[in-house]
Amino acid sequence: MKPIKVGLLGLGTVGTGVVRIVEGHQQDLLSQTGASIEIAKILVQDKSKARNIAVSPDALTENPWDVIDNPEIDIVVEVMGGIDLAKKYMLQALDNGKHIVTANKDLMALHGPEILAKASEKGCDVFYEASVAGGIPIIRTLIEGFSSDRITKIMGIVNGTTNYILTKMSQEGAAYNDVLKEAQQLGYAEADPTSDVEGFDAARKMTILGTLGFHANVALSDVQVRGISQVSKEDITYGKRLGYEVKLLGIAERQDDYISISVQPTMVKQSHPLASVNGVFNAVYVYGEAVGETMFYGPGAGEMPTATSVVADLVAVVRNLKLGINGQRGFAPYKEKKLKTDEQIASKNFILLHVEDKAGVLAQITQVFAEHEVSLESVLQHPNAQNPNAEIIIITHDANQAAMKKVLHQFESMKVVHSIKSVYRVEG
């Protein structure tokens, strides 16, 4: 094959990693694809900027159309981030017959169906392995590895920033705000951490995984999202006493072709493999009807792990070029999207209540659960010298979301309940 020329949109952390791998692994790439791969043009904001990688000045450009409209370029790799400009460049590149590799989770979560439809129309590949879990090949696994199975549940830690924060809170007993500041100083969290800590980043990734796992066009608005900013060290302490770790989980479930997708802090049983995933690492747990339970673990971000996934996609595109099968990867959604109602979404729940410390209160509390047909697995009262109220911890059996909303609403109107301190889903 003739040399394959690549245009790179962006030379930040991931883009730099892509250049390192492509230039450093030429013999490996040639043996895997039968063609040499050359990064011919790189879009940057400032050509004069000092960089920590040697790049020919002739390869750099500040004009995106030097990449997108360049007839010599076969594949465009988008690692610049953002949504509107990235979408514009990507659609134009597809119109020009160029294949796309991207790490842009925001773009694929919001506009993935439109981009994939354009790719199908033009007979082009669009691969986006790096958009979800960095160096973990979860997208390829869902599309290819589980192609003969039916996935019933995907549950994962897909945001390293929040996992780092919750790990530090658990292991060191630190407060949320203190760990967040530390994460920002270390570069794990952005100056504005909202996307991470409020669960929006994880929601975009779960939109992608839900679409691929359930073969339906899942929209970002279909994901119920709750972040970790209200998780307290007391919540984590109580969870540990009961054998749980708090993790921000993305949870996608399917039952009888009805699906639900959420991102929320969750009490995970310490015996479950996800409970031991710490620091900035990611993990995705997949349940299949035939295979049972499988877990995929690794670095969810970073220059080289993410670049590894990008270059793996590059290799896949080049192989398809060699075989003449670009644009024929069959993973377009083909099922009608049916979302579960609150009555159909069920889970165990952890509830921490601050209540009036007098006889008969516990009986009133348990009566509310009984009225709404929510059965209880355990009820515990922990003394707290710093709290004049009684603290009651309740773990329910599986209860539907509608019933739990009614229970909590009733608690809000009860004089003996001073506050509903915490409510978490329970897994494992």
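Predicted model: local features only at pLDDT ≥ 70, side-chain atom pairs only at ≥ 80, totals over all residues.
**Stop one: H1 and H13.** Select residues 13-24 for helix H1 and residues 303-323 for helix H13. Their axes lie 8 Å apart and meet at an angle of about 60 degrees, so the two helices are oblique to each other. Look along the pair and you will find that H1 passes H13 in a right-handed crossing. To see the contact itself, show side chains: on H1, pick Thr13, Val14, Thr16, Gly17, Val18, Arg20, Ile21 and Val22. Facing them on H13 are Glu303, Met304, Thr306, Ala307, Thr308, Val310, Val311 and Leu314. Colour this contact by class and you get nine nonpolar, five polar and two charged residues.

**Stop two: H14.** Now move to residues 361-371, helix H14, and highlight its buried residues: Val361, Ile365, Val368 and Phe369. They sit on the same side of H14, because they cover an arc of only 100 degrees around the axis.

Step on to Glu373, in the loop between H14 and S14. Glu373 is not a glycine, yet its phi is positive, at about 60 degrees. Is Glu373 buried or exposed? With 75% relative accessibility, Glu373 counts as exposed.

**Last stop: Asp256.** Finally, select the loop between strand S9 (244-255) and strand S10 (258-269), where Asp256 is found. Asp256 is another non-glycine residue with a positive phi, here near 55 degrees. Its relative accessibility of 63% makes Asp256 exposed.

Technical notes:
Residues numbered from 1 in each chain as written. Heavy atoms only, no water. Buried < 20%, exposed > 50% of the residue type's maximum accessible area, 1.4 Å probe, protein only. Helix = DSSP H or I, 4+ residues; strand = E, 2+ residues; numbered from the N terminus. Arc of directions from axis to C-beta. Axes fitted to C-alpha atoms, helices over the stretch in contact; angles between N-to-C directions. Parallel < 35°, antiparallel > 145°, perpendicular 65-115°, else oblique. Left-handed = near helix turned anticlockwise from the far one by under 90°. Contact = heavy atoms within 4.5 Å. Nonpolar A, V, L, I, M, F, W, Y, C, P; charged D, E, K, R; others polar.
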